Amino acid sequence: MARHHDAPTSASPAPLPVDVPAAELLNGFVGTHVLYALTVSGVLDAVVAAGSVSVPTLAEATHSEPTALRALLRAAQRLGLVHGDAGTDTVALTPGGREAYRVRGYFTATVGGFGDVFRHLDTLLAWPEEFGRSVLQNGHYTALGCAQNWDFQRRIFDGATGDLGFGRVADIGCGAAARLIHLVGGRPDVTGVGVDVSGEACQLARQNVKSAGLDDRITIVQADVLGVVGAPEAFTQVTDADLVTSYFILHHFVGERVGGRPFLTALRAAFPRARSFVFADGFRDPRTEPTDDAGPAPLFTLAYQLFHDFTGVGLRTRAEQREMFLDAGYRVERELPFGHPLEWLFVLSPGTDPA
Ligand SMILES: C[S@@+](CC[C@H](N)C(=O)[O-])C[C@H]1O[C@@H](n2cnc3c(N)ncnc32)[C@H](O)[C@@H]1O
């Protein structure tokens, strides 16, 4: 292979490109994995906590092998995420690194949650049913990534829901339970229940509930939401809630029918005491059709869209989702962006029609 400084001849291949989409693509792939590794190993948390930290201290604090850690930090420096001071052997985040840390949850979910899906797209072209069996998805990292995004969603959430009155909250598809812990933790008279189909997510949720000292007020139930909505009388500890929440999972169900009714109608009926429903989800960009020159996709949107295209889960636009809520008899009280251009928070009330 010709090195960059070799004099080109008519027989030499062209030098490797460094500033074209191919190079950006490959660097982005590597950078995504570097950021993911620095996140899930706790390195970024340690750097953020210290501001600037010596590499040997960082290695010890994160149980990292120092030579490997230095290699990772060198790559991160090349990517503009950290800057290092060779004199003091310290590292700190750059402004770009701080922004990447803020949105690290998208990297955790994309690489750890469904990275194996992307790595096997070639195989899945022939056997897409593998998606249905979920063998390539890791519920722990999907839930963890969503929980990390809570860092920048919490303020928006509190502004939108601070005035809701409730005594018991049920969170559908609770993942790591970060949002449930937040809602219950600050309200001594409130109890909560989280429902998740994934054993990995339930395990993480129970750990987090215990660490928060809330295991006397929050229960985690491993169950399929379709089962709960289909047989609410079998899940009264869930369905007696007066606040129902669900974040970033509804798109899997809104097109389903349960007991002959549309999912959203059946959900409303399954929670007869509910005074409010708080739903967040990610939506399809109404402008992005393959023929459009729409420019780069917002962070995570490309992964989100491709993943759902492959799994056959149709994503709706926000406007389509609002119509579905209205058709199912809910009243839309509030609707606001949730920290990403295509992720929105809805605060609904059950309306007056019987579901
Ligand atoms: C994208 S994560 C969101 C986690 C959490 N709601 C949050 O925002 O942090 C989706 C969660 O829904 C769970 N889930 C998927 N299908 C489900 C089902 N049929 N019933 C209950 N939970 C489900 C997944 O296991 C995962 O934890």
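## Ligand contacts and nearby elements

A backbone N or O atom of Gly173 lies 2.6 Å from a nitrogen atom of the ligand, a polar contact (a pair of N or O atoms within 3.5 Å; within protein, one must be able to donate a hydrogen and the other to accept it, and residues adjacent in sequence count only if both atoms are side-chain atoms). Taken alone, the ligand exposes 590 Å², of which the protein buries 87% (accessible areas by the Shrake-Rupley method with a 1.4 Å probe; for residues, only the protein chains shown count as cover).

The model is predicted: local features need pLDDT of at least 70, side-chain atom pairs count only at pLDDT 80 or more, and totals for chains, interfaces and linings use all residues. Residues are numbered from 1 along each chain as its sequence is written, and side-chain values use heavy atoms, with hydrogens and water left out.

| Residue atom | Ligand atom | Distance |
|---|---|---|
| Arg179, polar side-chain atom | oxygen | 2.9 Å |
| Tyr247, backbone N or O atom | nitrogen | 2.9 Å |

Among the 18 residues around the ligand, Gly173, Arg179, Asp196, Val225 and Tyr247 come nearest (a residue counts as near if one of its heavy atoms lies within 4 Å).

Helix α10 gives the most to this shell, with 3 residues (helices are DSSP runs of H or I, at least four residues; strands are runs of E, at least two; both are numbered from the N terminus). α10 bends by about 60° at Phe152, the angle between axes fitted to the seven residues ending there and the seven starting there. At the start of α10, a side-chain oxygen of Asn138 reaches to within 2.9 Å of the backbone nitrogen of His140.
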